[in-house]
Amino acid sequence: MSIRCIIIDDEKPARDLIKAYVKKVNHLEVLGDFPNPMDAMSILSKQKVDLIFLDIQMPGLTGLDFIKTLTTKPAIILTTAYPQYALEGYELDVQDYLMKPIPFERFLKAINKLQPASQPVTTQTTDSTPEYLYFKADGQKHRVEVNEILYIEGLKEYVKVVTESGHLITLASLKKMEDELQSPFLRVHKSFIINKDKVSSYSNHQIVIKGNTIPIGKMYQEDVLKEMY
């Protein structure tokens, strides 16, 4: 059964990228793409739309304001370059929040949330996609291979991503990182997520990764020790 979707973004390259990704997924069908929400209203009134890929920052009517106008709301995946709108987006019950530039594997993860566990999304290509994330730091976008991440430390509105080759500090929440990173990543403290595969040694109260000592929070201790043992 196809998931019928539309794309709303005022930037054509962003619409084209989502369309290219959709074509790789067997169960997605694009009904149309639009530069603003008002142009999309006609198709929403005439056809059943299951999913909207929706930009936030657009002239006239923003994506978040558009969501508030919908009486019958399809699943919505927000696409944006601005992380500060994540909380408001989730309060509007969106399906997911994708940060531009959007890696294909992160796109697939968002689509998989729409599928029953017994029906994972498959693609029309056998090419493996590198597992990486983009982080904005020092005015640039940095591509970081996920398997090179040692641990992530929360710094209030920012996170410090420590890798094999160094570190960077980016505007993001540790909760967002926890949602994006599955096993072998593990939340061990209110301020730390670790890569279990990089652990050098550990005790009941702390973990050592490449000479860095990371505390295990009391509320996480039982779950962490079960995972580690």
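1. **Surface patch.** Patches are made of residues with over 30% relative accessible area and no salt bridge; like charges are joined within 9 Å, and nonpolar side chains (Val, Leu, Ile, Met, Phe, Trp, Tyr) within 5 Å. A salt bridge here is a side-chain nitrogen of Lys or Arg within 4 Å of a carboxyl oxygen of Asp or Glu. Accessible areas come from the Shrake-Rupley method with a 1.4 Å probe; for residues, only the protein chains shown count as cover. On these terms, L155, Y158, I169 and L171 make a nonpolar surface patch of about 330 Å². I169 sits in strand 10 (residues 166–171). I169 counts as partly exposed because its relative accessibility is 41%.

2. **Basis of the model.** The model is predicted: local features need pLDDT of at least 70, side-chain atom pairs count only at pLDDT 80 or more, and totals for chains, interfaces and linings use all residues. Numbering runs from 1 along each chain as its sequence is written, and side-chain values use heavy atoms, with hydrogens and water left out.

3. **Confidence.** pLDDT is the predictor's confidence in each residue, from 0 to 100. The protein chain averages 85, and 90% of the residues score at least 70. Over residues 116–130 the pLDDT is below 50. That stretch has 20 contacts in the model beyond near neighbours in sequence; a contact means heavy atoms within 4.5 Å.

4. **Overall make-up.** The protein chain has seven helices and 15 strands. Helices (H or I, at least four residues) and strands (E, at least two) are DSSP runs, numbered from the N terminus. Of the 229 residues, 45% are buried. Buried means under 20% relative accessible area, exposed over 50%, and partly exposed in between (1.4 Å probe, protein chains only). The chain exposes about 12500 Å², with carbon and sulfur atoms supplying 49% of it. Among contacts with a separation of 6 or more, 49% join residues 24 or more positions apart.

5. **Cores.** A nonpolar core is a set of buried Ala, Val, Leu, Ile, Met, Phe, Trp, Tyr and Cys residues joined through side-chain atoms within 4.5 Å. The largest has 19 residues; I6, I8, I52, L54, I67, I76 and L78 have the most contacts inside it. Strand 1 (3–8), helix 2 (37–46), strand 3 (51–55), helix 3 (63–69) and strand 4 (75–80) each supply at least two residues of this core. Helix 3 gives the largest share, three residues. Leaving aside neighbours within four places in sequence, I67 is in contact with L54, K73, I76, L78, L92 and V94. A second, separate core of 18 residues includes I3, L51, L98 and F104.

6. **Backbone points to check.** Most residues other than glycine have a negative phi, and most peptide bonds are trans. K100 and P101 are joined by a cis peptide bond, with omega about -5°. P101 lies in the loop between strand 5 (96–99) and helix 5 (104–112). S183 and P184 are also joined by a cis peptide bond, with omega about 15°. P184 is in the loop between helix 6 (174–180) and strand 11 (185–189). K156 has a positive phi, near 60°. K156 belongs to the loop between strand 8 (149–155) and strand 9 (158–163). At 80% relative accessibility, K156 counts as exposed. K210 also has a positive phi, near 50°.
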